[in-house]
Amino acid sequence: MLARRILLVLLTALAGSAQALVMEGVGHGTIHNEDIAAARTEARQAALRDLALRYEARVSTRETVKNGVITESHTQVETTGQARNIRVVDEQRRGNLLRLTVQAEMVERAKGTASCGAGEASRLRKRVAITGFPVLYPDQAQFGRIDDAGEILPQQLQARLREGGRLQVFGATTNSLFSDLLNAPTAQRGDNRLTNVLQVARELGVQFVVTGVIRDLGVADPSAWGTSVVDRMQRGLGTADQNRRFAMDLMVYDGFSGSPVFQQRFATTAKWDADPGAADGFGSGGFQTTAYGQAVDGLIGEMVDAVNGALACQPFMTRITRVDGNRVTLESGATAGLRPGDELHLYRSARYFDSLAGTPELTDSGLAVTLNNVHPDFSNGRMGSVGAQVNIQRDDIAIIW
């Protein structure tokens, strides 16, 4: 019996190793002020990215064409590989450039997991603001008195995201980002940004803004809830069409640039089986007990998964609030998951005089800050150079990928 168990373990191990592919990747890091450790970390991360792309990568391109002219082009590279048993096989230095060669076993990432699950940013809690979801046709909400849907629904989404614990969620459900609900979110500025997204993100100190528009709350047949004897008989016999529709567009925006990160329509139809006056209010107990309320509740769960999924592969970004010599203070701290010893790469944020209202352009400064003091809502550490020498200043960005 023992021999059979040992044989089974060996076969399992051989099967697992047969699926793994041993590969090498090369990465480079720049040495600043003889900081070999920081350069080695940068080179190792670059080598792992090289490994992932060499193993298997999918490149997808999305273009928007208006009047025969490409107005927007977005390219995304996604890898399905995961590295394990990583070791450094070669390290060379030439001047201020460090070249690192790593070897690892590459395996297919399990289905249903984010392709960036191994990244450092995946352990951090990004800051997200939830705004109000205005109702496109308020008259539809009068039936059942669910005109509070624009505030209650985002509050429910906010509560569930907080329960998940993967994000820091801030409420702004009394705010609406859209003045033109019918065309939202396409009725934006020409550069595809929303200026009030930037304002909300800046005021709340968040990285992302989640918003939406409730498109449809209408009933299939308003006459199905008549008070006549015939109407009541039809409802009792199930011949009346008591279905009610729900449709909502959910959008997620980057709070630093105002650019859209995610957009999806969520829709369902279910029976509105509440008696008159029994389900007043979108969040009322009577509403939740209806088939319609339960169907909408299921959609909210899908929205939670969608937001978490959309932000899972986004880098963790936070603003620099102060620079004093080589000491840098960030507006995120322990509540975001930051810890002493964490290293964040510093990017300069710049706008040009001919497009002051445009999206800030981020430029890699080649420097990183290593945290030594972490407080609940802010943290600070030191970088390898004095801020004035490399033009790192307040409102620049620190990033963990």
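Visitor: Which residue in β8 is the bridge partner of Ala-129?

Guide: This is a predicted model, in which local features need pLDDT of at least 70 and side-chain atom pairs count only at pLDDT 80 or more, while totals for chains, interfaces and linings use all residues. Residues are numbered from 1 along each chain as its sequence is written, and side-chain values use heavy atoms, without hydrogens or water. β6 (residues 126-131) and β8 (residues 208-216) pair in the parallel sense over 3 bridges, where pairing takes at least two DSSP bridges and a strand is a DSSP run (E, at least two residues), numbered from the N terminus. In β8, the partner of Ala-129 is Val-209.

Visitor: Which strands stand at the edges of the sheet?

Guide: The sheet is open and its pairing mixed, with 5 strands in the order β7-β6-β8-β9-β10. Two of these strands have a single partner each, so one side of each is left without a neighbour in the sheet. They are β7 (167-172) and β10 (260-271).

Visitor: What is the average twist from one strand to the next?

Guide: Angles run from 0 to 180 degrees between the N-to-C directions of axes fitted to C-alpha atoms, for helices over the stretch in contact. From one strand to the next, the twist averages 25 degrees.

Visitor: Which helix makes about 165 degrees with β10?

Guide: Helices are DSSP runs (H or I, at least four residues), and contact means heavy atoms within 4.5 Å. Helix α3 (residues 149-164) lies across β6, β7, β8 and β9 (243-254), running at about 160 degrees to β7. The helix at about 165 degrees to β10 touches β6, β7, β8, β9 and β10, and spans residues 291-312. This is α7.
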